[in-house]
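Dear colleague,

I am handing over the structure below, and after it you will find my notes on what was found. Please read them with the coordinates open beside you.

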Amino acid sequence: MSTEAVKWAMDDAPMLRTEKGKPDTTARHVLQALAEHAHKDGSNAHPSLLRIQYRTGYDRRTVQRAERRLEDAGLISADGSVRGCTRWRLHLEKRRPASDWAALEAEEEAERTAAAERKRKSRAKRVTHSNDVTVTHSDSVTEPDVTHPEYDRHAFEVRDVTHSASGRHALNATRTIKEPSVEPPGARAGVGTYSDPPREAALTAPIDDDGFELTDAMRRWALQTFGPGLDLDYETQQFISHHRAQGDRRRSWPDEWQKWIRRSAQWATQRAQRPPAAGCDVVPFRDRQQQSSDDMFDRALTRARARMQQKESS
């Protein structure tokens with residue numbers, strides 16, 4: 001095998017084109033197979049058709065048609081025969097034009113530009129349109145006795161006040177109005193706690209839109225298949241939460257639920273069959289959660305009692 005002939009067949013040989021203008025990859029593959037059996041100058045390439053079929057995976061007629069196209073293009077020429085096989089000479093002097101590489105670069109740059117444009121349009125669709133934004137006029141916001149936007153001072157309330165030194169009335173004495181801020185009802189309710197927003201205000205996922213629910217038929221299937229050892233309500237809530245968070249859609253939610261139950265049952269069986277570690281007792285996951293919560297409560301209660309005793313002693 002000649003490295004020069006193989007490199008020529010892979011990179012430097014002119015690329016043949018099909019009738020539709022596409023690269024003739026079949027002829028290119030056959031040319032590379034011939035180059036693997038050629039000498040350094042491209043001569044004495046005489047692999048059998050069977051060898052080329054084995055190398056390329058093409059049938060006999062496809063290989064013969066590809067050789068004919070290469071010969072018509074002047075890339076190869078018949079130079080006798082060896083043991084009944086045609087001996088080919090590869091014309092290494094024929095070179096691929098540099099414009100082929102420039103055309104590929106131009107196509108790649110055009111594809112990048114098109115991809116960037118598609119990405120820009122996709123982002124633009126997610127931006128709120130100006131017509132959908134509610135604009136509140138300043139006249140409908142400013143109330144009496146409130147700082148007016150045209151002035152850099154407080155709006156003062158007019159009062160009739162008796163002056164202590166002159167014994168006269170200080171008419172139109174000003175007093176800055178200071179009132180406690182008013183928060184909307186429930187703004188600070190439950191400080192330090194977190195509550196989920198109502199489902200009506202949250203965006204629904206496909207599993208919610210499709211109305212998935214656990215039916216009696218599904219319960220009977222799970223009971224008959226896996227027995228009463230599986231907590232169907234817990235697994236179903238896990239299933240709904242998972243797909244609600246993912247936001248994906250399935251063709252058949254009951255079938256997807258059955259896959260989830262089968263997988264959960266398999267994991268439960270594997271956990272039950274797993275031997276416990278030496279000197280360790282196996283504690284169910286929910287019991288560990290409850291135990292952790294109880295420990296946290298006991299520690300908090302102990303700290304509170306210690307603080308109370310410290311205050312009483314002081």
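E256 is buried, with a relative accessible area of 13%, where buried means under 20% relative accessible area, exposed means over 50% and partly exposed lies in between, computed with a 1.4 Å probe on protein chains only. E256 belongs to helix α9 (residues 253-273), and, leaving aside residues up to four places away in sequence, E256 touches F239, H243 and R250, a contact being heavy atoms within 4.5 Å. Helices (H or I, at least four residues) and strands (E, at least two) are DSSP runs, numbered from the N terminus.

Please keep in mind that this is a predicted model, in which local features need pLDDT of at least 70 and side-chain atom pairs count only at pLDDT 80 or more, while totals for chains, interfaces and linings use all residues. Residues are numbered from 1 along each chain as its sequence is written, and side-chain values use heavy atoms, with hydrogens and water left out.

As for the overall picture, the protein has 10 helices and 4 strands, and from the N terminus on its elements run α-α-α-α-β-β-α-β-β-α-α-α-α-α. Of the 314 residues in the protein, 18% are buried. Among contacts between residues at least 6 apart in sequence, 50% join residues at least 24 apart.

Helix α1 (residues 3-12) packs with α2 at an angle of about 165°, their axes being 8 Å apart; axes here are lines fitted to C-alpha atoms, for helices over the stretch in contact, and angles run from 0 to 180 degrees between N-to-C directions. The two helices α1 and α2 are therefore roughly antiparallel to each other, given that angles under 35 degrees count as roughly parallel, over 145 as roughly antiparallel, 65 to 115 as roughly perpendicular and the rest as oblique. The crossing of α1 and α2 is right-handed, a term used if the near helix is turned clockwise from the far one by less than a right angle, and left-handed if anticlockwise. On the α1 side the contact involves A5, V6, W8, A9, M10, D11 and D12, which meet R28, L31, Q32 and A35 in α2. By class, the contact of α1 with α2 has 7 nonpolar, 1 polar and 3 charged residues, where Ala, Val, Leu, Ile, Met, Phe, Trp, Tyr, Cys and Pro count as nonpolar, Asp, Glu, Lys and Arg as charged, and the others, Gly among them, as polar.

Helix α3 (residues 49-56) deserves a paragraph of its own. In α3, L49, I52 and T56 are buried, and these residues lie on the same side of α3 because they cover an arc of only 60° around the axis, the arc being that of the directions from the helix axis to the C-beta atoms. On the other side of α3, L50 and Y54 are exposed. The buried residues of α3 pack against α2 (25-35) and α4 (60-72).

The axes of α2 and α3 come within 10 Å and cross at roughly 120°, and α2 and α3 are therefore oblique to each other. This contact is made by H29, V30, A33 and L34 of α2 together with I52, R55 and T56 of α3, and the residues of the contact of α2 with α3 divide into 4 nonpolar, 2 polar and 1 charged. The axes of α3 and α4 likewise come within 10 Å, crossing at roughly 100°, and α3 and α4 are therefore roughly perpendicular to each other. Here L49, I52, Q53 and T56 of α3 meet R60, V63, Q64 and E67 of α4.

Finally, some backbone angles to look at. Most residues other than glycine have a negative phi. N44, in the loop between α2 and α3, has a positive phi near 60° although it is a residue other than glycine, and N44 is partly exposed, with a relative accessible area of 24%. R83, in the loop between β1 (76-82) and β2 (85-90), is not a glycine either and has a positive phi of about 50°; at 74% relative accessibility, R83 counts as exposed. Just after α3, G57 takes a positive phi of about 85°.
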